[in-house]
Each structure stands twice: as structure tokens, then as C-alpha cells.
2 protein chains.
Amino acid sequence: MAQKKEYLSKNQKIVLDIIEKSAQPMKAYSILFNVQKKGLKAPPQVYRALDKLVEIGKIHKIESRNAFIACRNSACTITNATAFSICESCEDVKEISSSKLSKYLSNFQDKEGMKYNKYNLEFFGICKKCK
Amino acid sequence: MAQKKEYLSKNQKIVLDIIEKSAQPMKAYSILFNVQKKGLKAPPQVYRALDKLVEIGKIHKIESRNAFIACRNSACTITNATAFSICESCEDVKEISSSKLSKYLSNFQDKEGMKYNKYNLEFFGICKKCK
DNA sequence: TCTGTTATTGTTATATTATAACAATGTAAT
DNA sequence: ATTACATTGTTATAATATAACAATAACAGA
């Protein structure tokens, strides 16, 4: 599950660790604040790590929130098909893993028959706790 | 089709006009630059208009690009179910209107049976022109 | 018409998110 | 040792967005 962490650089590990420990998406500058004790002092150090981690699928960016969440899939390489549920009240975010949904969207074609190699879907609502 | 524009305030009309004239999504500060001749001098004036226009569905925000695009639906009130195709080469963006897709997503339930009142979907690929 | 209420606008300042540019260091193969 | 390449460190700045408050306009009810 965490095997691939071995291939990560020092800074990438540090940033991934802090995101994985968080139950919720973290903002870049909140990450920066939290890793300053580990020696990462400047934004580029954090953003570089974030870029790489997104690229390899260890984390995902929640675009509507400018925040980053750890990927909980066992494989953690799915960077091209992401879906999230976001509670608009408590801002709780969960990754949705529905093979039915991902099949449907991965096979989606538009009117001109164009297919896509990547998508990101964000659902919004009020979660059970907040209801 | 443009009936509802009557209910918009002066600044809202100015901002909507410029976005509607653009074939592509516009960034907030590009909008600001373009409306300065019309008297809107500061970011808050643009962002307020953008917020309102998004709220009433006249425009949509492309979250992955921090840009705003005019809604081409006749009704222009659909603010809660949006889907876009984005070319990663030329950055061309089109709103997808597929009743099949919107039905599928509007009815989607997660594992706990939770339904959502809103979603935003962004597809990425290479458009025909760029291929 | 007056008056209170609400929406809209104008304005300054500042917060938040993200990248450019370049120097320094580490790593690993030859 | 030398080269090549990835990673890190650092400073500065760009790009995106909001807070806070004053001024004005729009408008309904007394």
C-alpha cells in the first residue's frame, strides 16, 4: 500500500506524510506551515512536492477548494479519473470509488464522438452528519 | 435567450458582455483589464459581478483553470450541473450538454446512498484540431 | 415626500495561491 | 574525477481573491 513511498524524495515524503495524516484536504500554505519544523521553508519546496505527488497519483487536488487530499486507493496511480463528494456545510471531502461511475465516465463520448483520457468530478451536497 | 439580462446590474451586464463576446474562458484579471475603460477599476467590482453571474447561472467557473465561461444553454439557470471538455493542448473549452450524462450524474448515489444537489465535471483530452 | 431598508458601487488595502529564476547540493553511472 | 541529471534551497514576484468600510442608488411603506 505504501510501497511506492520508497521512490519518493525526502521532501515528497515529508509532504505526503502530512497530507496522509490529515483526515481532510490540506491547503498548500497550511502544509507549508506544518512542515517548517522539518526544514521546508519556502512555497516552491511544497509546490514541487505537491506537483509530483499529484502526477504520480499519491494525492489529488480538489480544484474547487485549492486543497490536496491523499489518495486512498490501494494502487494510488489513478491520476486521470477522479471523483469526490464534498459537503458544503462541514467541507468534509471523500473520494468516490465506484467502478460503475468510472466506467461510465471513462467511456463517455461527446456529440462529435470525442473521447477523453482524463476527468475530474466534484459532487456537492450536505453530508449525513450535517443534515 | 437574453431576457434575463434586464435584471442584471450595470456592472454585472458589463462583465457578462465581455465574457459572452469571448470564445474562450476569461480570467478575472483579464476581464478587469478589459472593463477598465467602462469604469470598473478594482478587483472587487469584477469579482462581485462574477459571483453573482455564477450564482444565477449566466456564467460558469472552470475550476481547473480559474477562468469563467458564458453559459450557452437557452435557459441559463443550470448552475448545479455542469460539465466541460477541455483541450489540454489549445485550452479550448466547451460546455457539454448531454441530457443522458446529466441524468446519470444527477441521480448518482454513493455507497451510503447519499445523493448530491450539485456537481461539476471537467473532461480533459486533445481536441480534433490539435490531433 | 420622507424615511428607513436593501442592493449596488467605489475604494484601499491585504490575504491567499502559485510560479519564475537561479544557485547549491546530492546521486549515480562512466 | 567527471559528467549528467534530479533534487533542494532561496529570493523575489506573479496571479488569484477577499475584507472592510464609505458612498450612492433604488425602492417600498408610512
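In this predicted model, helix 3 of chain B supplies the largest share of the surface near DNA strand D, namely 4 residues. By class, that surface holds 6 nonpolar, 4 polar and 6 charged residues. Of the 16 residues around DNA strand D, those that come nearest are Gln45(A), Arg48(A), Lys27(B), Tyr29(B) and Lys61(B). Of the atoms of DNA strand D that come within 4 Å of the protein, 42% belong to sugar and phosphate.

From chain B, a polar side-chain atom of Tyr47(B) lies 3.2 Å from a phosphate oxygen of DNA strand D. Two or more residues of the surface near DNA strand D are given by each of helix 1 (10–21) of chain A, helix 3 (43–55) of chain A and helix 3 of chain B.

Within chain B, helix 3 (residues 43–55) lies across strand 2 and strand 3. Its direction is at about 105 degrees to strand 2 of chain B. The strands of chain B form an open sheet of 3 strands in the order 1-3-2, with antiparallel pairing. Strand 1 (26–27) and strand 2 (59–62) of chain B are at the edges and have a single partner strand each, so one side of each is left without a neighbour in the sheet. Strand 1 of chain B pairs with strand 3 (residues 67–70) of chain B in the antiparallel sense, over 2 bridges. In strand 3 of chain B, Ala67(B) stands opposite Lys27(B); Lys27(B) is also among the residues that come nearest to DNA strand D.

The arrangement of the two protein chains was then examined. Two copies of a chain are related by a rotation about an axis and a shift along it. The same surface serves both copies, as 100% of the contact residues of chain B recur in chain A.

Key. Residues numbered from 1 in each chain as written. Chains lettered and ligands numbered in written order. Predicted model: local features only at pLDDT ≥ 70, side-chain atom pairs only at ≥ 80, totals over all residues. Heavy atoms only, no water. Contact = heavy atoms within 4.5 Å. Pairing = 2+ DSSP bridges. Axes fitted to C-alpha atoms, helices over the stretch in contact; angles between N-to-C directions. Near = heavy atom within 4 Å. Polar contact = N/O pair within 3.5 Å; in protein donor to acceptor, adjacent residues only side chain to side chain. Nonpolar A, V, L, I, M, F, W, Y, C, P; charged D, E, K, R; others polar.
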